[in-house]
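Open the model in your viewer and keep the selection panel at hand. This tour says what to select next and what is there.

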Amino acid sequence: MDQRLDPGLSPYRHFGRQAWAQLREDTPMPLRQEEIARLQGLNDLLSLREVEEIYLPLSRLLSLYVGATQKLFRAMSHFLDHHSNDEGKMPYIIGVAGSVAVGKSTTARVLEALLARWPNTPKVSLVTTDGFLLPNAVLEREGLMEKKGFPESYDLSLLLRFLTDIKAGRRPVKAPLYSHFFYDVMPDQVVEVDRPDILIVEGLNVLQTGRPPRDGKAIPFVSDFFDFSVYIDAEEDVLEHWYVQRFMRLRETAFKDPLSYFHRYSKLSEEEARETALSIWHRINLPNLRENILPTRQRADLILRKSGDHEVEEVQLRKL
Ligand SMILES: Nc1ncnc2c1ncn2[C@@H]1O[C@H](COP(=O)(O)OP(=O)(O)O)[C@@H](O)[C@H]1O
Ligand SMILES: CC(C)(COP(=O)(O)O)[C@@H](O)C(=O)NCCC(=O)O
């Protein structure tokens, strides 16, 4: 059922852009223009207005959720008369999901910067699930190179173990690292996550429920570890455009390096490169969106719906 047709039945509260922007109230803008410029990275389009009107209200909302969860955790520790770990704190985990090229990395990086500047300066870490992809050698052996990003291309057990260790308060916990430049997992590189107050976990697959276990043993979902989740949404034709646009930009930059996995694409004519990007989109990323990513949208606590210029036009917040 399309929730838009019957808002009364929707499990979400719907906000237009202006209504959402007002929820910022008097939250001060903690980022200076230079810091925003640094965040943009590849992305020279992210505007100060977008950060102020969309991401600051979200940061304000999250500060309420995190504060309430921490209070509950302390109350529970007191009730049980013990602390589940020596510092009596449990990392608050935020999942960020959505299609390839919808802007997950950008959103996650903006949130990381905003959250870290709350008055109590929490420690915020960011992990992307591409590090948990199976290495190319394994994907090739199993005939899965055309399925990169599909559920079967990830080492789900490793991701679940990582999240279990984080929630158990172990320190430091290591996450594997993926390189878009080499198009592969980096065997000798890891990201260390050392008892953050908040961990952002970003990836296509973070709201997926996985396949039912064959041996009857229940395994948790990745999202069981989340305290809050965000799904970033946009129409298919818009996503295709962003994917091709990013590919064409990379062709002018990273692909020019002979060590880059996609170096061969830098030698194609503009038209051939565009066709290559469209072909990858239609062979891999669009079917993955339809089969595995979009069906998870309704599991998110918050949905950010973007228009063609990356501006968020509607926000849906799950009713409590
Ligand atoms: N809020 C935004 N404003 C403007 N451009 C954006 C925004 N978010 C993402 N983009 C652009 O869209 C493309 C995909 O973004 P990215 O964050 O790399 O997506 P993902 O991590 O979902 O694959 C990039 O070219 C990026 O510059
Ligand atoms: C690495 C990705 C699967 C994204 O992974 P994520 O960080 O969302 O877990 C994706 O960017 C990708 O490479 N897809 C395969 C097709 C392509 O080259 O675009």
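**Stop 1: helices 7 and 8**

Helix 7 and helix 8 cross in the right-handed sense (right-handed if the near helix is turned clockwise from the far one by less than a right angle, left-handed if anticlockwise). This is a predicted model: local features need pLDDT of at least 70, side-chain atom pairs count only at pLDDT 80 or more, and totals for chains, interfaces and linings use all residues. Residues are numbered from 1 along each chain as its sequence is written, while chains are lettered from A and ligands numbered from 1 in the order in which they are written.

Helices (H or I, at least four residues) and strands (E, at least two) are DSSP runs, numbered from the N terminus. Axes are lines fitted to C-alpha atoms, for helices over the stretch in contact; angles run from 0 to 180 degrees between N-to-C directions.

Now show the contact (C-beta atoms, placed from the backbone, within 7 Å). Helix 7 contributes residues including Tyr243 and Phe247; helix 8 brings Trp281 and Leu286, among others. By class, this contact has 9 nonpolar, 1 polar and 4 charged residues. Ala, Val, Leu, Ile, Met, Phe, Trp, Tyr, Cys and Pro count as nonpolar, Asp, Glu, Lys and Arg as charged, and the others, Gly among them, as polar.

**Stop 2**

**Stop 3**

7 of them form an open sheet, in the order 1-9-8-7-2-6-3, with mixed pairing (two strands pair if DSSP finds at least two bridges between them). Strand 1 (12-16) and strand 3 (124-128) stand at the edges with a single partner each, so one side of each lacks a neighbour in the sheet. Strand 3 pairs with strand 6 (198-202) in the parallel sense over 5 bridges. Zoom in on Val127, which stands opposite Val201 in strand 6.

**Stop 3**

Select 104-115. This is helix 4, lying across strands 2, 3, 6 and 7 and running at about 175 degrees to strand 6.

Methods. Two residues are in contact if their C-beta atoms, placed from the backbone, lie within 7 Å.
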